Amino acid sequence: MEVIEAVELTKVFNGLKAVDSVSFSVRKGEIFGFLGPNGAGKTTTINMLTTIMKPTRGFARVAGFDVVKEADEVRKRIGVLFQDVTLDRELTGWENMWFHGLIHGISWRELRNRISELLKFIELENWKSVQVKKYSGGMLRRLQLAAALVHEPEILFLDEPTLGLDPQTRARVWDYILGLRKERGVTIFLTTHYMDEAEKLCDRVAIIDKGKIIACGSPRDLKQQVGNDVVYLRVSSKADLLINLLIKEGLASQPKLIGSDTVSFTVRNAHETLPQAVSLAEKAGIRVVEAFYSEPTLEDVFLNLTGRGLRDEEASDFEFFRARMRGRFR
């Protein structure tokens, strides 16, 4: 059963298409991810699905209701975790939860029970009487998640749920998200630009770039599009020459240039091909600064589809690839 359906959904700002004719559906009980770089259209899509923005064209249904014509019915059935903090920092954790519940018309007795249950679920029972301004970033995120659940929504929208969190807190939030689906049967739609988050959490992923969906499927199916091991060579100069040499010598059929100094290509036996590629570069007077290979990831899927890395603008492609390398050669 499909609980979210978008057909040719489009949003235009001053002539610029932030979201360009996207179509997809989400099944009941599924964790569905929107993966893409900053500015790809992820948040704009979530804003349309949660009735905050009206589409320029196309339509969407959430929980069986039109997001424009039946916006009130949609809002009753969804919870939203926004990127920005939406809590009152002067109130305690309990008080923030209380006001969220009152907004949704929950009776006082029922609300007390739900707040206690949710604070236990997110492990903030001992902080319930503390002002939110004294919470850490991870605690704020967890309290926001609980507030989004206080009215027991059918569908939960999470916009970059672990943005800015440290690795340990991110892992804890992941556990809460997986627990929501397992214990409560909540359908979850999340946006992220973290490939490991999408691989860890999502049953299916839609990869979005420049407002368009360029691929959609399970993480496993998407990675199978790349197939083989992925080799990366970072050189001090002459990257274009190295690409030509790799093709000429038959070591790579379709090498790609990442940024200005890194060459990437896929092969079946990277542990054999990598030393050969380094030797080829050195013979041509090309200094290899660093080289490694890895099994395919969603990062490689994005690279294969767009010719560039999935990343924050502040960080280099190579540093992201390097961080999750599995094999290495210097």
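This is a predicted model: local features need pLDDT of at least 70, side-chain atom pairs count only at pLDDT 80 or more; totals for chains, interfaces and linings use all residues.
Local features need pLDDT of at least 70 and side-chain atom pairs count only at pLDDT 80 or more, while totals for chains, interfaces and linings use all residues. Residues are numbered from 1 along each chain as its sequence is written, and side-chain values use heavy atoms, with hydrogens and water left out.

Q: How far apart do the C-alpha centres of domain 1 and domain 2 lie?
A: The protein chain is divided into domain 1 (2–223) and domain 2 (228–294), with bounds from an automatic or database domain assignment. The distance between their C-alpha centres is 41 Å.

Q: Is helix α3 oblique or roughly parallel to helix α4?
A: Helices are DSSP runs of H or I with at least four residues, and strands are E runs of at least two, numbered from the N terminus. Helix α3 (residues 93–103) and helix α4 (residues 108–121) pack at about 135 degrees, their axes 10 Å apart; axes are lines fitted to C-alpha atoms over the stretch in contact, and angles run from 0 to 180 degrees between N-to-C directions. Angles under 35 degrees count as roughly parallel, over 145 as roughly antiparallel, 65 to 115 as roughly perpendicular and the rest as oblique. Therefore α3 is, relative to α4, oblique.

Q: Which strand has the lowest mean pLDDT among the elements of the protein chain?
A: pLDDT is the predictor's confidence in each residue, from 0 to 100, and its mean over the protein chain is 88. It stays under 50 over residues 312–330. The element with the lowest mean pLDDT (38) is strand β15 (residues 327–329).

Conventions:
Contact means heavy atoms within 4.5 Å.
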